[in-house]
Amino acid sequence: MHPMLTIAVRAARAAGQTIMRAYTELDRIEVDAKGVNDFVTSVDKEAEAAIIYQIRKSYPDHSIVGEENGENRGTNQDYLWIVDPLDGTNNFVNGVPHFAVSIAMQYKGKTEVAVVYDPVRDELFSAVRGKGAKLNDFRIRVNNVSDLGASLVATGFPFKARQHTETYMKLFGETFSLCADLRRAGSAALDLAYVAAGRVDAFFELGLKPWDIAAGDLIVREAGGTVTDFSGGHNYLLSGNIVAGAPKATSLLVKRFRPLLSDALK
């Protein structure tokens, strides 16, 4: 196993233990608002601290950027860990058992290692650049779909970026007319992992942050999938606007999305 993947897995499982202990006592969790429809719990912070501790034990000089604590630059800035300790916080605080830990490691701007861990199901999705993607110890591949007619597509609503609601609803309507069914489960990290594992055929969302998608991005690509922004480019980590899936499914969605995009999303 890649040594940094070993640390990422150890960190994800440590965070998962913290999350699941708290999940049995939801009434004791402190919830604060970071912004409009954007919540953070004491568990997010504890889980992120557990991840940072594991990384720092082995790589004290690496840089880390996390959803809760922002950027913590180390002396070696070639290595950057991108951490979301609890993707799906709204699900978690409401007792919906669908959330994940997401950890990616970049070297000189390229993602080399990725882990998405679902502590409820004990499912560990992982990838190393050039080495393929796995679910636990088994290799995974995206579905080989050539059209969207029988496909299952995942999405996420722009509840933190409601200025895009009108455009998003056009994209949703277009997708609904093309595919067999749509799913909105509430964790972008798991949506991407499910694309990689062939559980859904494609995924799209807008207004995401790098820590939401950095790990899932590599896992999808290493599983044979394609990841783009809404215009078919590769600016999704910066824009937060992402389409991912089997190559043909992704290209079909992007083609149908282009005429519907507002100027702000082009």
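Reader: Which side chain meets Glu 123 in a salt bridge?

Author: This is a predicted model, in which local features need pLDDT of at least 70 and side-chain atom pairs count only at pLDDT 80 or more, while totals for chains, interfaces and linings use all residues. Residues are numbered from 1 along each chain as its sequence is written, and side-chain values use heavy atoms, with hydrogens and water left out. A salt bridge is a side-chain nitrogen of Lys or Arg within 4 Å of a carboxyl oxygen of Asp or Glu. At 2.8 Å, N to O, the partner of Glu 123 is Arg 199.

Reader: How many salt bridges are counted between domain 1 and domain 2?

Author: The domain bounds, which come from an automatic or database domain assignment, are 3–139 for domain 1 and 152–260 for domain 2. Their centres, taken over C-alpha atoms, are separated by 21 Å. Between domain 1 and domain 2 the count of salt bridges is 1.

Reader: How much area do domain 1 and domain 2 bury between them?

Author: Buried area is the accessible area (1.4 Å probe) that two parts lose on being put together, summed over both. Carbon and sulfur atoms hold 62% of the area between domain 1 and domain 2. The area that domain 1 and domain 2 bury is about 2,300 Å².

Reader: Which strand gives the most to the side of domain 1 that touches domain 2?

Author: Helices (H or I, at least four residues) and strands (E, at least two) are DSSP runs, numbered from the N terminus. Elements that each supply at least two residues to this side of domain 1 include strand 3 (62–66), helix 3 (89–93) and strand 7 (110–118). With 7 residues, the element that gives the most is strand 7.

Reader: Which residue in helix 1 pairs with Asp 122, and why does the pair tie together separate parts of the chain?

Author: Asp 122 has a positive phi of about 55° although it is not a glycine. Its side chain meets that of Arg 13 in a salt bridge of 2.9 Å, N to O. Asp 122 lies in the loop between strand 7 and strand 8 and Arg 13 in helix 1 (residues 3–23), so the pair ties together parts that are 109 residues apart in sequence. The residue asked for is Arg 13.

Reader: Is Asp 118 buried or exposed?

Author: Buried means under 20% relative accessible area, exposed over 50%, and partly exposed in between (1.4 Å probe, protein chains only). Asp 118 meets Arg 121 in a salt bridge of 2.6 Å, N to O, and Arg 121 is partly exposed at 38%. At 0% relative accessibility, Asp 118 is buried.

Reader: How many residues of helix 5 are buried?

Author: Helix 5 covers residues 188–196 and is largely enclosed by the rest of the structure. Its buried residues include Leu 190, Asp 191 and Tyr 194. Helix 5 is followed by Gly 198, whose phi is positive, near 80°. The number of buried residues in helix 5 is 9 of the 9.

Reader: Which backbone nitrogen lies 2.8 Å from a polar atom of the side chain of Asp 212?

Author: Asp 212 lies in helix 6 (residues 210–222) and is buried, with a relative accessible area of 9%. Leaving aside neighbours within four places in sequence, Asp 212 is in contact (heavy atoms within 4.5 Å) with Asp 84, Asp 87, Ala 188 and Ala 189. The backbone nitrogen asked for belongs to Lys 209.

Reader: What arc do the buried residues of helix 8 cover around the axis?

Author: In helix 8 (residues 247–257), the buried residues are Ala 249, Thr 250, Leu 253, Val 254 and Phe 257. The arc is that of the directions from the helix axis to the C-beta atoms. These residues lie on the same side of helix 8, because they cover an arc of only 130°.

Reader: Which exposed residues does the face of helix 8 turned away from its buried side carry?

Author: The buried residues of helix 8 pack against helix 4 (165–178), strand 13 (202–205), strand 14 (226–228) and strand 15 (242–245). The face turned away from the buried side carries the exposed residues Lys 248 and Lys 255.

Note on methods:
Polar contact = N/O pair within 3.5 Å; in protein donor to acceptor, adjacent residues only side chain to side chain.
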